[in-house]
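Hi,

I'm handing over the structure we talked about, and my notes follow just below it. Have a look at it first, then read on whenever you have a moment.

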Amino acid sequence: MGKHDNHTLSKTTDTEVGEIIERELKRQKSQLILIASENFTSQEVIKTMGSVLTNKYAEGYPGFRYYAGCKYVDEIEELAINRANKLFNSNYCNVQPHSGVQANTAIFLAVLNCGDKILSMNLRDGGHLSHGHKQNLSGKYYEIHTYSVDPETELIDYENVRKLAKITKPKLIIAGASSYPRIIDFKKFREIADEVGAYLMADTAHIAGLIVSGLHPTSVGIADFTTATTHKTLRGPRGALIVADKKYSGLIDKSVFPGIQGGPFMHIIAAKAVCFKEAMKDSFKEYGRRIVENSKALCSYLKDEGFRIVSGGTDNHLFLIDLTNKNMTGFDAVGALTSVGIIINKNVIPYDKLAPTITSGIRIGTPAVTTQGMGIDEMHKIGELISLTLKNRKNKTKLKEISKKVKKLVKDFPVYTKC
Ligand code: PLP
């Protein structure tokens with residue numbers, strides 16, 4: 001199955017765990033992964049995550065640790081920071097957040113007090129749970145106001161954001177989303193934030209890999225704070241980082257540790273450093289270009305098949321399909337597609353009337369299949385398979401045939417990272 005058949009360090013002698021990992025590896029190799037937030041990391045990233053660095057406690061920051069024996073982990077963290085600053089063209093960065101939610105929470109803790117106002121994108125329209133969901137800390141501790149996309153164009157309505165900002169006077173505006181298929185104009189958000197004296201945080205969890213490839217305008221130097229996950233389009237280990245101007249360094253560092261985290265995951269920070277180096281390569285820029293090219297190709301194939309695409313298309317790594325006119329929910333679609341080995345997720349769409357557990361839509365993303373080396377021809381094949389599945393979702397014989405075709409397609413693109 002290709003030169004990276006051993007793409008796992010799962011050969012543990014704990015057979016119970018090892019066998020489950022093997023089965024998961026087999027699943028990843030035999031299904032078509034179209035979840036917009038997932039990717040396949042390189043062997044180097046995986047190896048680094050499995051290193052002895054996991055043994056080390058290192059509360060604090062390079063040169064200021066609460067534990068002895070941190071000489072080498074200091075070097076690792078400094079290397080990760082330097083590489084991140086080079087990659088994002090920034091002068092300060094914190095590489096310790098364990099996840100995107102924690103990076104966002106650290107910013108809230110840094111600049112907000114309980115009860116302060118946040119203006120963020122409505123979850124239904126593409127925002128993230130950590131931007132104000134009532135069960136998330138953000139929704140419990142802060143007063144959340146939300147902006148929506150325009151009901152006609154399904155694009156962010158910047159005039160409406162401005163209007164809401166003037167009415168609500170938030171202390172923090174969040175630009176960034178989990179399921180917005182278009183370019184986000186961070187400069188417009190900056191203007192609005194300045195008009196009302198708010199901080200601006202760009203949550204680039206999804207698009208960080210596109211930003212560093214020059215395929216999406218950067219928020220660095222525009223937003224006060226940029227947060228990003230390292231495991232989505234950036235194709236690194238599961239984790240996050242914060243980029244900001246160095247005038248905020250003390251505030252942010254304190255918020256991450258001891259504010260919301262304890263000891264940093266040094267093995268993950270090392271793997272982030274590996275990821276940042278990979279993302280500086282020209283081949284990564286080319287990878288970013290192909291993610292978007294594939295996303296557009298798959299999106300337009302499905303549009304031609306009669307599926308309604310939210311906002312009419314995509315500028316990035318993902319797009320949303322509204323299934324309302326197909327008499328099908330996102331939940332139904334996920335069931336049918338999973339049965340043939342196509343893995344996507346159900347997703348709310350703007351102004352969705354259905355619950356997030358059911359949804360009127362699905363979200364499809366191309367970072368993982370692009371890592372596998374698939375291109376436009378394969379996107380057309382995938383489009384055909386998705387369309388056939390959804391149109392024949394109650395026909396078991398047809399679904400069986402499609403499932404075979406899915407297996408055949410993925411077999412030609414073994415899971416490994418090309419750059
Ligand atoms: N922010 C956005 C916009 C996201 O889409 C996500 C995850 O999907 C996150 C934050 C949270 O990242 P994590 O799952 O690493 O906490």
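I'll begin with helix α3, where V73, D74, E77, A80, I81, R83, A84, N85, L87 and F88 are the buried residues. Buried here means under 20% relative accessible area, exposed means over 50%, and partly exposed lies in between, using a 1.4 Å probe and protein chains only. Helices (H or I, at least four residues) and strands (E, at least two) are DSSP runs, numbered from the N terminus.

Before going further, two notes on the source. This is a predicted model, in which local features need pLDDT of at least 70 and side-chain atom pairs count only at pLDDT 80 or more, while totals for chains, interfaces and linings use all residues. Residues are numbered from 1 along each chain as its sequence is written, and side-chain values use heavy atoms, with hydrogens and water left out.

Back to α3. Its buried residues pack against β2 (60–61), β3 (64–65), β4 (92–94), α8, β10 (240–244) and α10 (266–279), where contact means heavy atoms within 4.5 Å. The 18 residues of α3 (residues 71–88) should span 26 Å at 1.5 Å a residue, and its end C-alpha atoms are 26 Å apart, which agrees. The expected span is 1.5 Å times one less than the number of residues in the helix. Just after α3, N89 has a positive phi of about 55 degrees.

From first C-alpha to last, α10 reaches 20 Å, close to the 20 Å expected at 1.5 Å a residue.

Now the ligand, which may be the part you open first. Which residues are closest to the ligand? They are G100, V101, S178, D203 and K232, out of 13 residues that surround the ligand; a residue is near a molecule if one of its heavy atoms lies within 4 Å of it. By class, this shell has 3 nonpolar, 8 polar and 2 charged residues. For that count, Ala, Val, Leu, Ile, Met, Phe, Trp, Tyr, Cys and Pro are nonpolar, Asp, Glu, Lys and Arg are charged, and the others, Gly among them, are polar.

- S178: a side-chain N or O atom is 2.6 Å from an oxygen atom of the ligand.
- D203: a side-chain N or O atom is 2.6 Å from a nitrogen atom of the ligand.
- K232: a polar side-chain atom is 3.2 Å from an oxygen atom of the ligand.

The protein covers 84% of the 390 Å² of accessible area that the ligand has on its own. A polar contact is a pair of N or O atoms within 3.5 Å; within protein, one must be able to donate a hydrogen and the other to accept it, and residues adjacent in sequence count only if both atoms are side-chain atoms. Accessible areas come from the Shrake-Rupley method with a 1.4 Å probe, and for residues only the protein chains shown count as cover.

Helix α4 (residues 100–111) gives the largest share of the ligand shell, 3 residues. α4 is mostly covered, with 9 of its 12 residues buried, including G100, N104 and F108. At the start of α4, a side-chain oxygen of S99 reaches to within 3.4 Å of the backbone nitrogen of V101.

H216 sits in the loop between α8 (208–212) and β9 (225–229). Is H216 buried or exposed? H216 counts as buried because its relative accessibility is 3%. Its side chain reaches the backbone nitrogen of I184 at 3.0 Å. Leaving aside neighbours within four places in sequence, the contacts of H216 include R182, F186 and L210.

Finally, some backbone geometry to look at. Most residues other than glycine have a negative phi, and most peptide bonds are trans. A cis peptide bond joins F257 and P258, with omega about 10 degrees, and P258 is found in helix α9 (residues 249–260). In the loop between β14 (345–347) and β15 (361–365), Y351 has a positive phi near 60 degrees. T359 lies in the loop between β14 and β15 and has a positive phi near 65 degrees. Y351 is partly exposed, with a relative accessible area of 34%, whereas T359 is buried at 1%.
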